[in-house]
Amino acid sequence: MNIVDRRLNPRGKSLSNRRRFIRRARKELTEAVRKATGERSVTDLGGEDKVWIKADRLREPQIHHSGEHGERDHVLPGNKTFEEGDLIKRPESQSGAGRGSEGAEDGEGQDAFQFALSQEEFLDIFFDDLELPDLLRKQMKASDSFTPVRAGHSISGSVSNLNLKRTMKNSVSRRIALRRPRPAEIEAFEAELAGLAEAETPEDIARREELVVQLEDHRRRSKRIPFIDPVDVRYNRFEMVPQPVTSAVMFCLMDVSGSMTEHMKDLAKRFYKLLYLFLSRRYKNVEVIFIRHTHVAKEVDEETFFTSTETGGTVVSTAFEEMQRVVTARYPRDQWNIYAAQASDGDNFSTDNGKVSALLKKIILPMCQYFAYIEVNDEGGRELNTDLWRTYDSLVKSGSPIAMRKVSERSQIFPVFRELFARDQQPAQRAAYDT
Amino acid sequence: MTPSSLVTPASPKTIQPDWDFDGLRRAYDAISDIALGELKLDVYPSQIEVITFEQMLDAYSSIGMPLMYKHWSFGKHFARDELMYRHGLRNLAYEIVINSNPCIAYLMEENSMMMQTLVTAHAAFGHNHFFKNNNLFKQWTDANGILDYLEFAKTYIARCEDRYGEDAVERVLDAAHALMAQGVNRYPRRKTHSLRDEEQRARVRRDEQERSYNELWRSIPASARSHRSTTESERRQLLGLPEENVLYFLEKKAPLLKTWQREILRIVRHVAQYFYPQKQTKMMNEGCATFVHYHVMNRLHDTGFLDDGAMMEFLQSHTGAVFQPDFDHRGYGGINPYAMGFGMMQDIKRVCESPTDEDRAWLPEIAGSGDWVNVLKEGWANHRDESFIRQFLSPELMRKMKFFDLADDSKSDLVVKAIHNERGYQTIRTKLANQFDVVQNEPEIEVVDVDLDGDRKLILHHRVYSGILTEEKDTRMVLQHLADLWGYEVVLAEVAAQSDTVLKQHNAAPKRGVLVA
């Protein structure tokens, strides 16, 4: 007999089957996920989700007898009162008395099928075929980047990493422990011996002979016991730590002036959340910066960003200036992928539009991986293009990569989001928008 | 001696509540003394594997095999089982045992030491003995080769996925799985090859085809060959018809399949054949294992290896397993094979040891023989569920289980045709045996003809007994798969067995580009 402990075997043996199943049920699952995201508030998104799938494609058919025709016998256990020849009323809606619950359960299980998607899978399907522009390139670059990090000491290493302090500390303690004579002691002996060179008295002679022996001993010891022994040597040790260059920072810019209604903010919030979820799927490390603005802009925390209202005019360029300040201070461009998403109702001081255009073109767009603008409207929407829209529009027409959309209803968020980040966007298409 | 056994203070005579490896070993040895010494079981060497519940679910979903090729349906079963398990709707089986040499038995880590002892007796001795000695298993399965063969199947299919794409392979597997029930030989025809040879044979077959391939044959004008017409009997002989194993027929004769597609059909066919005996002997197999564990556990209690507490725990678990709900009970899901099997084995032991006059009349060969060990072993070796019931079901047990027989003509009220009394015993025994007969419960389907000169239509017959037809929707789906594999039209005629009249006909035409060009 042989006992094998398999508990530590690699887990998830059936994962590849699960993956195949999900691929098979892709269409149905995507439908179900879409439905789930549409019905619920976005903050709900991302928990473990159970979805019902019903699909012929997931049926495993076998030829089997039908319960509806023919003559058959059922032998059943547990007779209580029946006598031979008794008639029993045919049970309704059952394929046959004998098959009972088994048949019914099977039938149902075959048709509709409940499936629990993990958070990962749910979002994977949600983000299916979405890609951000320039993303792959950045990711390729970012993979396998290592930074050396100090990690204690080692007894071997290259000379340049020699830790002198440690080495000398070891050397001193070893020399003390082994009682290595210090050079000063030897010198003192030598001096005393020199002084006694001409000595005549028997004490002096005895002392001189004693000194000679001692000096000899000291010299021998100091030669035997090296000043620095290989066992003393210590080097600084470094470990190569993979560095999360796959970091992204996401700037949420929003107009919080009085003209923004709760409804508009709600739309904006959903948009940011979706973008955040998407980025957190793609990057190990995602930071979010919230910048709100009226006629002045300020970096705030999320709570304040969405809840507090401010009064004042609307000067969009201040938000860009604030963003530029934050990037310069904290997010060097070679270490961060920068994404910006702006939500606004389209109002801006008309004198500011020129500045916005210049800032965007010269500073913001070049440093961003991606810049998205959604213009939120109250339900019903507006027919006319706003100043801001026209400003951005002219930028897009001249070839700047801005993705822009108008959104006025909750249900438009998801399709907008898909379009914004649709895979294989060409620069020209990316700039396209609907009116 | 291992270090752990040095520090474990456990006395070798009793078991601890929690299991450890040393305890497993001692339990195995104690069981072995009884199972081999008293019951004279003949088993493959055992390999006991301790696994987590997740791994148990894994094993569940891949039809209990430790390795299996990849397919979405296994993922589906896993998801379903996992959900049910997590919601507490279903308990996992305490064990899974694999008909292989060495015989692999899985123990779950959550089990108590008593459960591990029970499961070891049940699986590593009971099922193990049955696998090694039952004739069906001996004839149709190859315990030595199965793991190697599955390894081959797994890598072969993985290689096909690499070469032809997951989709292409999936389509073949879907179709093959749909025909799995029609992929077994019910009656032996010739000696099957050891599964271990299969990989070798697959390679030789492929090499030979490559070697003998000649471009010239493709250039022969079609007209030169098309005028040949064959008589029906010639044609049927040529194609080896009628053929009950549809997968076999397709593998050998389907005109458009590629070599790798044929090989996949072959793999699925072998897996189906490997499991066919288990289907036919479910009740006996469980009965044998349950009987063995019941005997062993009681004897272990006698010797003091199991204390009273462990024995109580055992009895609770045991009675749960052999509980048979009545037909009108909410939990009724058919006849519980554990209950039925265990009941029959215990009953046979009783008849051997202390028969009544009734037993002497009904079971004259074994009544009072006293030698129940050998009677049972004979029975386990030479029967399947259906014949075992026909041979050994006693009136005593029928009364105990309160069997009754209902006649159902799918139209009018149900009629109680027999109950557990003198007039009914014979009927119940026969009907119950039929109920356990896999052959009677699955549609009998054969490939009967191919229109070779015409449109190559494949003709199958379902022999209909007592007017029981096949279920329409599933049949249509399976036929579609069949047509896709065959590459031409397929017709399934449901023919009444008595009168040879066609009751119903299903047609399917292949979807081009699904499986074959």
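Predicted model: local features only at pLDDT ≥ 70, side-chain atom pairs only at ≥ 80, totals over all residues.
## A charged network

Next, have a look at A:R24. The side chain of A:R24 forms a salt bridge with B:E170 at 2.9 Å, N to O. B:E170 lies in helix α8 (residues 166-178) of chain B and A:R24 in helix α1 of chain A, so here too the pair joins two chains. Both B:E170 and A:R24 are buried.

A:R24 also meets B:D174 in a salt bridge, this one at 2.5 Å from N to O. Since B:D174 is in helix α8 of chain B and A:R24 is in helix α1 of chain A, the pair joins two chains. B:D174 is buried, as is A:R24. These residues are part of a salt-bridge network that links A:R19, A:R20, A:R23, A:R24, B:E161, B:E166, B:D167, B:E170 and B:D174.

## The interface as a whole

Stepping back, chain B brings 93 residues to the contact and chain A brings 68. Together the two chains bury about 7,600 Å², with 51% of that area on carbon and sulfur atoms. On the chain B side, B:W72, B:D408 and B:L414 supply 9% of the area buried against chain A, more than any other three residues.

Between chain B and chain A there are 19 salt bridges, and 53 residue pairs are in polar contact. Helix α4 (residues 72-86) of chain B gives the largest share of the side that touches chain A, with eleven residues. By class, that side of chain B has 39 nonpolar, 25 polar and 29 charged residues. Over all chains, the whole structure holds 55 salt bridges.

## Strands that pair across the chains

The two chains also meet through their strands. Strand β3 (residues 72-76) of chain A pairs with strand β4 (residues 404-408) of chain B in the antiparallel sense, over five bridges. To see one of these pairings, find A:D73, whose bridge partner in β4(B) is B:A407.

Terms used:
Residues numbered from 1 in each chain as written. Chains lettered and ligands numbered in written order. Heavy atoms only, no water. Contact = heavy atoms within 4.5 Å. Buried area = accessible area lost by both parts, 1.4 Å probe. Salt bridge = Lys/Arg side-chain N within 4 Å of Asp/Glu carboxyl O. Polar contact = N/O pair within 3.5 Å; in protein donor to acceptor, adjacent residues only side chain to side chain. Helix = DSSP H or I, 4+ residues; strand = E, 2+ residues; numbered from the N terminus. Nonpolar A, V, L, I, M, F, W, Y, C, P; charged D, E, K, R; others polar. Pairing = 2+ DSSP bridges. Buried < 20%, exposed > 50% of the residue type's maximum accessible area, 1.4 Å probe, protein only.
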